[in-house]
Amino acid sequence: MIKRAIGFLLLLAIVAVLGLNFKRILAFGQAHEIKQSAQKAVDAGNWEKAIQLYEAGRKQYPDNAAIAMRLAWLYRRNNQPKQSEATYRAILKREPENADARLGLAMLLEDSPGRINEAVIELRKALKTQPNSPRLLAQIGNLYKSAAENPAEKRDETKKWLYGQACYYYRAALKFNPRQFQTQFSLGVVEQNLKNLQPAAKAYCQSIILKPDSYEAHYNLGLVLSDLDYLEEAYRQMDRAIKILTEKGEIDTAQGLALRVQMVKNKVFNSGRQGLSSHQDPPFLEKACLTPAVVESEMSPDGKTSG
């Protein structure tokens, strides 16, 4: 009798799992069919047509969250924030624990500087269901960073507090996934704005390890090291940024950075040091993000070999 009961319960569990998977497969098929048609319209720049297809799909499959999510995204891209917000909120009314919908709503709210607090509230709600999500933690950090960088925010203490909050959430995100380039880089920017130069340098260093061809990370690390008086390595990092840009054909951007790089180079020689060959590695940085020794042609301020 007990064996029969256990067997019946197992059968119910299997049926429930199969039913759930069938619903997921069906929902995926519905969304994929509409996406294929709508993508052609998006590729052609016809956002209205894509929206019409997803609106029709939503009427046909009202319980399909994937279709509604895509529609909300399309509304946002097409500068229809009211429709986008209404769609996200409809999803959340039906599925309060849908973290993707809360993230989408938060990003939409972030577009309006006056609604940053609402965006943070939505993300904190999402964190209750996914407390260890690096993506959500990093996005909260982004919101605080954006609020601090808002030109309308003139209060120094408030900006400092906002940057501090951003720093907290970036570090929390990196605790769960340290291999996030953008989060590492943003942490560097925040620490730099807080005048925490060594932590900023470490964050930029990690960014370079994750993405060696990031000219922004090399250049910003150079700026920080210059402020820390590690002038030789500062020059090399900034020079590397210019080389990366030149290799990518972004000549105008490279030329825009060149003057600052030359100023750092001149500062090395005007300081009475032995030149760029007297290279001292910053002891607080990993070797993997540091630059190799310079060649002899870099030993004089004008780039020419002396003698």
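Trainee: In this model, with which residue does arginine 89 form a salt bridge whose closest N and O atoms are 3.7 Å apart?

Mentor: The model is a predicted one, and side chains of opposite charge can pair when their charged atoms come close. Arginine 89 lies in helix α4 and its partner in helix α6 (residues 116-129), so the pair ties together parts that are 33 residues apart in sequence. The partner at 3.7 Å, taken between the closest N and O atoms, is glutamate 122.

Trainee: Is glutamate 122 buried or exposed?

Mentor: The class follows from relative accessible area, and buried means under 20%. Because glutamate 122 has a relative accessibility of 6%, this residue counts as buried.

Trainee: How many residues apart in helix α6 are lysine 125 and glutamate 122?

Mentor: The side chains of lysine 125 and glutamate 122 meet in a salt bridge of 4.0 Å, N to O, and lysine 125 is partly exposed, with a relative accessible area of 38%. Both residues belong to helix α6, where about one helical turn separates them, because their spacing in that helix is three residues.

Trainee: How many salt bridges does the structure hold?

Mentor: The count rests on a cut-off, since a side-chain nitrogen of Lys or Arg must lie within 4 Å of a carboxyl oxygen of Asp or Glu. Under that criterion, the number of salt bridges that the structure holds is 14.

Trainee: Turning to glutamine 237, which residue's side chain is joined to its side chain by a polar contact of 2.7 Å?

Mentor: Glutamine 237 is placed in helix α12 (residues 231-247), and it is buried, with a relative accessible area of 0%. Leaving aside neighbours within four places in sequence, its contacts include Ile208, Tyr219, Leu225 and Cys289. The side chain joined to that of glutamine 237 by the 2.7 Å polar contact belongs to histidine 218.

How values were computed:
Residues numbered from 1 in each chain as written. Predicted model: local features only at pLDDT ≥ 70, side-chain atom pairs only at ≥ 80, totals over all residues. Heavy atoms only, no water. Helix = DSSP H or I, 4+ residues; strand = E, 2+ residues; numbered from the N terminus. Buried < 20%, exposed > 50% of the residue type's maximum accessible area, 1.4 Å probe, protein only. Polar contact = N/O pair within 3.5 Å; in protein donor to acceptor, adjacent residues only side chain to side chain. Contact = heavy atoms within 4.5 Å.
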